[in-house]
Amino acid sequence: MSIHLDPHHHAAVGATKGESAAGQSAAVSATGRPAAQTDPSSFAASQVPASAQPGRPLSISARLGRLQFHNSGKFRVLQLSDIQDGPKVSADTIKLIAAACDAARPDLVVLTGDQIAGYHSAYRATYRKRRWNDALDSIIGMGRQAVNFLGDAFQGFPQMPQPSQSTVRQQESLDERAQEATDPQDVRRLEYERDLARTRDMVRQSIQQFMQPIVDRGIPFVVTYGNHDFQCGLDNAEFDAMFRELPGCLNAEATVAEPLRPLHVPGSGLPDQVVYTAEPGTLALPVSDVRHTRTVFGIVLLDSGDYAREGGYGTPSTTGMEFLRLAPQAMGGAKSIVFQHIPLPQFYNLLRVVPPTAAYAVQGYRTYDSQTYLLDESVTQPGSFLGEGISCPDTDCGEFDVMKQTNGYFALFAGHDHRNGFVGEYDGMMLGATPTCGFGAYGPAPSMRAARLFEFDIRHPYNPRTQLLQFGDLVGKPSSHKAYTYAMSHVPTNAGDTWNLLRKPKVFGGVVAAVAGLLATTLFGGGRKRR
């Protein structure tokens with residue numbers, strides 16, 4: 001089946017407890033001791049490929065028309081984080097998504113942000129480093145694109161998809177209007193609209209590629225956003241609209257004025273499913289019992305923001321925070337699990353401070369960069385691993401406190417830190433990090449890139465079992481020979497990032513980024529960037 005995006009279409013095997021660190025025979029946890037291994041056959045041994053039953057949704061909930069527990073008393077969610085690729089999505093990313101769906105047979109897929117590498121050189125005509133305009137940001141942002149450009153050159157430029165006929169016609173029309181315009185501002189605006197049409201087309205084709213395995217298998221899905229999606233020039237509302245073009249999407253159109261008004265998304269294939277939504281990427285879904293008499297638990301997606309003007313990463317909007325306070329009211333007393341992109345400062349409570357010379361020690365990020373850490377084994381599950389500092393906001397916005405005060409939540413899982421995969425408990429709340437499932441950006445070894453499976457049991461729904469489904473276990477060796485080095489695929493976004501991630505003095509890191517940016521203005525013509 002091939003996905004055809006229609007703008008008018010609105011869109012049981014037991015898990016082992018803990019994390020899978022399989023895929024490397026001598027895997028070592030961030031604590032310095034051998035990581036706990038799990039047998040991937042515990043998920044995959046009795047799986048029947050989706051292709052064996054053509055036309056029948058792989059998701060049991062999709063067959064029933066709503067998110068609900070099965071007669072077995074189980075409900076499954078598959079989390080995909082940080083696909084983070086350009087217009088041509090890595091074949092290995094798509095293989096992992098397909099294999100994870102077949103192994104997990106989830107009721108719902110949750111995508112937790114940075115689906116799009118908005119900084120990719122293909123989007124340079126519409127690229128924006130921040131949602132606000134800043135001259136230094138522009139220079140350093142162009143530095144990021146320069147390094148990406150050089151990385152593409154070293155590894156062979158990826159083939160860009162051809163624009164659709166409708167996009168070609170739209171661009172031709174805008175070109176004609178620009179030629180006829182006499183006001184320079186009108187000319188620039190029309191040129192930018194032409195570039196934006198091309199970006200929109202490339203993003204749509206990218207979404208089509210990585211969503212293909214999910215749509216083919218008839219699995220419902222929901223999406224939130226990260227700090228790189230918007231950098232291509234589109235906003236989250238546009239992304240939401242593109243995902244709704246696909247069958248199975250449960251992202252209802254946002255209703256800020258009435259966030260607790262129950263909505264239905266018939267095009268999702270789940271006509272009986274209720275959705276509550278406040279803004280693009282911020283929504284809540286109740287999961288019912290077998291007889292649909294009560295809500296057993298809720299699934300809340302929260303747009304965690306992107307960047308802070310003061311530096312570092314951002315926090316949820318005022319609308320998002322208010323929705324977090326109100327969502328428990330819609331769940332009839334049941335608690336919810338939260339999925340978002342950026343982790344909370346409270347994640348550092350799952351770590352312990354160690355000397356910088358300790359084996360596998362990781363330096364903290366920004367506010368926490370004066371110390372080095374390992375996972376605290378006393379509060380984290382076996383097999384967890386820590387590959388980089390937790391990149392949380394500099395300040396605590398109070399999100400964790402809201403979750404505790406409302407007594408409406410039992411867990412929060414994030415992505416963002418591509419090389420972290422751990423689960424632990426702090427102050428009665430389950431907290432977890434999911435590594436990247438993508439092969440277009442930095443991350444752990446290829447064999448350890450993963451999707452995260454959750455299995456909820458109706459007898460104790462607030463204590464789900466979770467496991468990483470890793471590429472090495474499900475697929476094997478990657479088909480690409482791309483260099484998976486951190487420096488090649490990720491450029492620090494500011495001097496603070498450089499200090500933490502490269503362990504260089506902040507001044508030196510800032511100079512390097514600025515020099516790269518100045519070179520980039522020559523390579524890419526920085527004057528063409530518009531916001």
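These legends describe close-up views of one predicted model. Local features need pLDDT of at least 70 and side-chain atom pairs count only at pLDDT 80 or more, while totals for chains, interfaces and linings use all residues. Residues are numbered from 1 along each chain as its sequence is written, and side-chain values use heavy atoms, with hydrogens and water left out.

**View 1. An open sheet of 7 strands has mixed pairing.** The strand order is β4-β5-β6-β7-β11-β13-β12. Strands (E, at least two residues) and helices (H or I, at least four) are DSSP runs, numbered from the N terminus. Two strands pair if DSSP finds at least two bridges between them. β4 and β12 (422-426) are the edge strands; each has a single partner, so one side of each lacks a neighbour in the sheet. On average, neighbouring strands are turned by 15 degrees against each other, direction ignored. Axes here are lines fitted to C-alpha atoms, for helices over the stretch in contact, and angles run from 0 to 180 degrees between N-to-C directions. Within the sheet, 5 bridges join β6 and β7 in the parallel sense. Val300 has Val338 of β7 as its bridge partner.

**View 2. Helix α8 lies across β4, β5, β6, β7 and β11.** The helix spans residues 318-326. α8 runs at about 155 degrees to β4. Its buried residues are Gly320, Met321, Phe323, Leu324 and Leu326. Buried means under 20% relative accessible area, exposed over 50%, and partly exposed in between (1.4 Å probe, protein chains only). The cover over these residues includes β4 (276-279), β5 (282-288), β6 (295-302), β7 (336-340), α9 (399-405) and β11 (409-414).

**View 3. The largest nonpolar core has 41 residues.** Such a core is a set of buried Ala, Val, Leu, Ile, Met, Phe, Trp, Tyr and Cys residues joined through side-chain atoms within 4.5 Å. Val338, Phe347, Tyr409, Leu412 and Phe422 have the most contacts inside it. At least two residues of this core come from each of β4, β6, α8, β10 (372-375), α9, β11 and β13 (429-433). A second, separate core has 40 residues, including Val89, Ile219, Leu246 and Ala451. What does Tyr409 touch, not counting residues up to four places away in sequence? Its contacts (heavy atoms within 4.5 Å) are Val300, Phe323, Leu324, Ala327, Pro328, Lys335, Ser336, Val338, Met403 and Met429.

**View 4. Val222 sits in strand β3 (residues 221-224).** Val222 counts as buried because its relative accessibility is 0%. Leaving aside neighbours within four places in sequence, Val222 is in contact with residues including Leu108, Val110, Leu250, Asn251, Leu283 and Leu301. Phe243 is 21 residues from Val222 in sequence, and 8.8 Å away in space, C-alpha to C-alpha.

**View 5. The structure holds 20 aromatic pairs.** Rings of Phe, Tyr and Trp (its six-membered ring) pair if their centres lie within 6.5 Å; planes under 30 degrees apart count as stacked, over 60 as edge-to-face and the rest as tilted. Phe69 and Phe297 have ring centres 6.0 Å apart and planes at 75 degrees, so this pair is edge-to-face. Phe69 is in the loop between α2 (60-64) and β1 (74-80), and Phe297 is in β6, 228 residues apart. Both Phe69 and Phe297 are buried. Phe413 and Phe454 also form an edge-to-face pair, with 4.7 Å centre to centre and 90 degrees between the planes. Phe413 belongs to β11 and Phe454 to β14, 41 residues apart. One aromatic cluster takes in Phe69, Phe75, Phe297, Phe339, Phe410, Phe413, Phe454, Phe456 and Tyr462.

**View 6. Strand β14 (residues 450-457) is mostly covered.** Of its 8 residues, 8 are buried. Ala450, Arg452, Phe454 and Phe456 point one way, and Ala451, Leu453, Glu455 and Asp457 the other. β14 pairs with β1 in the antiparallel sense over 6 bridges. Lys74 stands opposite Asp457. 6 bridges also join β14 to β15 (residues 465-470), again antiparallel. There, Phe454 stands opposite Thr466.

**View 7. Two arginines lie over aromatic rings.** Arg131 is over the face of Phe230, 4.3 Å from the ring centre. Arg449 is over the face of Phe439, at 5.4 Å. A charge sits over a ring if NZ of Lys or CZ of Arg is within 6 Å of the ring centre and within 35 degrees of the ring normal.
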